[in-house]
Every structure is written in C-alpha cells, then in structure tokens.
Amino acid sequence: KHIETTGAETNYLVAENISKTYGSNMALTPLNLSLDKGELVTLLGPSGCGKTTLLRIVAGFNSPSTGRVLLAGRDLTPLPAAKRQMGMVFQAYSLFPNLTAQDNVRFGLKVSGVSAAESDRRLNKLFALIGLEEARGRYPHQLSGGQQQRVALARALAIEPQVLLLDEPLSALDAQVRLNLRDEIRRVQRETGTTTLFVTHDQEEALAISDRVVVMDRGRIAQLGTPEDIYRRPATPFVAEFVGTANGLDALATGDEQIEVPGWSAPVRVEGARQFARGERLRLYLRPEELRLSAGAGGLSGRVTDKRFLGSITRLSVQVGEHTLVADLQGNEAAAHPVGEAVSVTLSPLAAHVLRAGPAHP
Ligand code: ATP
C-alpha cells in the first residue's frame, strides 16, 4: 500500500504533458509542472482557467486526456485517488457533520488501517499543531468556519500524505480569519515539510503563501516563478494585470531607451525599452507603491484628484494627461499633497515595467 519513493528532492511531484478536453473545450492545453519536495506551489488564475481541473487530475479525481502524474519518479496516472496518499482540503463544509472534530480526523486513519495507539499519537500531535485541543470533542456546527478548516487540514494531514492539495481552502472565510489561517497553513506546511499544491484566484493570497506561483490563463501556464518574480517581472500583460500591478497604459516604442505614452507631453525613460523596435505597441505598468510625487517640476505633470486613507498607506488618484494613475503613499508623504494640487510624478526604475502589447499567447 505504501508508495515507495526514490527520495528525490527535485521533480518530486510532476505533471508531465497534462491536457484535458471536455468535448471541444480544451480546459488544459498540454502543460508541464514540477514541484520540489517540501515546496508550496500555488495555481493562480481567474475562474475557468483550469486550476481546479489540474488539481483534480493530480489528486486522481479526474483523468487527463494526455500526460502523466509522477510522484518521486513513479507513475500515478493509473491509480485512483484513494491510492495516491494525498491529503485534500476543499473550499468548505467538507467535514462529516455527525462526527466530532476528533472523529473527523480519526476517520481517514481508520480507513487506512492505522493502529489505535498510533492514531492517538497523531491526533494529539495534529490538534496541537492546529491549536484546537479544546475543540476536539465538538461537532462541526459548534465550530467557526476557520476552525472547521483547521480540522479539515488536520484530517488531510493525518494520513501523513506525500502531497497536500488545497482547493481554495480560505475563500469561504471572513477577511481576518482568512489572513490568520493563511499564515497558519503556511506554518503547518513548513513544519510538516509536506509538498503542497494550493489553488486560489486571489493574487495577494498566492503571493503571500507560496514558494512559487503558477499563473494560469485559459488552460495554459502564463508564468511560473517566485512571488517576487511574478510581481516584479510579469512575463505577459495578462500576468501583469491579473497580479494586480495597477496602472496599465498603452504606449509606443521609440527605438531607444524611452517610450511614448499618447497624451503625455514628453517620452519617458523606462528600463528595457531598447529591446523594442520603433513604433511597436507596448503596455507600460507603473507600480503604485513606487511612484514618487513632488510639488515641483521635473517629472510628469499631474494633479491629485482623489485621496483615500487605507490604514498603512494612502491611495491617491493622480490625473496625468488623459490617464488616472494610482499612487500609494505613506501617511506623511500623502499629507503633503492635498486633492486639487498640481504634482510632478517621478518614475524610478523600480516603478515601471514595459511589455509588448497584444495577445498573451500569439
Ligand atoms: P473556478 O475557480 O471557477 O473553479 P478553475 O480555474 O478552477 O475555475 P476549472 O474548473 O478547472 O477552472 O475549469 C476549466 C474549464 O473546464 C472551464 O472552461 C470549465 O467550464 C471546464 N470544465 C470543468 N469541468 C468540466 C466538466 N466536468 N465538463 C465540462 N467542462 C468542464
């Protein structure tokens, strides 16, 4: 019953040439993905991009149209879900309502034939790990949503799975609970060293929790990288816009280190602009947190049109030509620029990122 491993640390979990078609709809185009042992990788993308389909193929709930799923070099594709030694947590409401928290966690252990003594040992360890010792005897309806998801996580981990699969486990929870449990999942994942595939459509969640992020777009991998890569160096306009780099503008290459933004009085200098031929259509992305405003001249001339206090930052709207830019400033900087005031916007190298415009997949 036990799946033998080669002990490989890289390419531990591999989706090889996986595709899935439903009738004429290609939910996944042939794609490759591999996780190192102990890594947490997120599948991030909008509704319908294929992330759940990919997760379910890895889990063994769906069979792929082409390709294989390998774990430590072993082909799992013919194995049903129950034989894959993977733990799963779904969006919500997956606990057995007629069993206590403790019996929910014990359930999977009984099924896999773990001894009573070993079950008790694991239960103690898991309830300590999720910080819910006092709630062991409660039924799901006596637990909050966040507590229920902790129990679901403990249940998934009880079998000591080789892979943990999490399908939007936080999306049914309130904002604060969601943030806490996000950090909690990450901590538990690190402590147990469980190789994890996590599905979400929430970019902030993906950036915060992952070792690496897979951004998916219409059944393809648009980009695979560390959270910082994805945020700082988006590979396509789709990734830049989905991962929430606000301020996307149409622009034109000039053939040198500057680009032109229609409606702006002067071209702007942007790192990487030289690689594009004169006249090429581009997208310019400006990061709100890297824009600097000053009262004098020297940058782009604009005017503050709105200001919203968001706690740790203040978000300003700045009209530049026909564009409204979003600039996130610290409290003291923001205070210096009242609504209605003329400002000059400076683009540091970190603030701007330029990409070729057009379809993400030519
Ligand atoms: P969501 O976040 O909305 O669940 P997703 O990124 O997880 O979206 P999938 O559920 O994987 O996306 O769906 C990918 C595509 O496959 C969609 O076009 C969907 O309509 C289609 N699809 C998924 N399951 C089936 C099915 N059982 N039969 C037919 N089409 C399906």
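Q: Hi! Before we start, what should I know about the numbering and the model?
A: Residues are numbered from 1 along each chain as its sequence is written. The model is predicted, and local features need pLDDT of at least 70, side-chain atom pairs count only at pLDDT 80 or more, while totals for chains, interfaces and linings use all residues.

Q: Great. How many helices and strands does the protein chain have?
A: The protein chain has nine helices and 20 strands. These are DSSP runs numbered from the N terminus, with helices being H or I of at least four residues and strands being E of at least two.

Q: What does the C-alpha trace span?
A: Along its principal axes, about 75 × 45 × 35 Å.

Q: And how much of the chain is buried?
A: Of the 362 residues, 37% count as buried. A residue is buried if 20 or more other C-beta atoms lie within 10 Å of its own, exposed if 12 or fewer, and partly exposed in between, with C-beta atoms placed from the backbone.

Q: What share of the contacts join residues at least 24 apart?
A: Taking contacts between residues at least 6 apart in sequence, 67% join residues at least 24 apart. Two residues are in contact if their C-beta atoms, placed from the backbone, lie within 7 Å.

Q: You mentioned α1. Where is L55, and is L55 buried or exposed?
A: L55 is in helix α1. L55 counts as buried because 20 C-beta neighbours lie inside 10 Å.

Q: What does L55 touch?
A: Leaving aside neighbours within four places in sequence, L55 is in contact with L43, L165, D167, L197 and V199. L55 and V199 are 144 residues apart along the chain, yet their C-alpha atoms are separated by 7.6 Å.

Q: Let's switch to helix packing. How do α2 and α4 sit?
A: Helix α2 (residues 101-111) and helix α4 (residues 145-158) pack at an angle of about 25°, with axes 8 Å apart. Axes are lines fitted to C-alpha atoms, for helices over the stretch in contact, and angles run from 0 to 180 degrees between N-to-C directions. The two helices are therefore roughly parallel to each other. Angles under 35 degrees count as roughly parallel, over 145 as roughly antiparallel, 65 to 115 as roughly perpendicular and the rest as oblique.

Q: Which residues meet there?
A: On α2 they are A101, N104, V105, F107, G108 and L109, and on α4 they are V151, A154, R155 and A158. This α2 and α4 contact divides into seven nonpolar, two polar and one charged.

Q: And α3 with α4, how do their axes cross?
A: The axes of α3 (residues 116-129) and α4 come within 10 Å and cross at roughly 140°. That makes α3 oblique to α4. The contact is made by R122, L126 and F127 of α3 and A154, L157 and A158 of α4. Those residues divide into five nonpolar, no polar and one charged.

Q: New topic: what is the phi of N11?
A: N11 has a phi near 50°, a positive value in a residue other than glycine. Most residues other than glycine have a negative phi. N11 is in the segment before β1 (13-22).

Q: What about E168?
A: E168 also has a positive phi, about 50°, although it is not a glycine. E168 is in the loop between β7 (163-167) and α5 (175-192). With 19 C-beta neighbours inside 10 Å, E168 counts as partly exposed.

Methods
Ala, Val, Leu, Ile, Met, Phe, Trp, Tyr, Cys and Pro count as nonpolar, Asp, Glu, Lys and Arg as charged, and the others, Gly among them, as polar.
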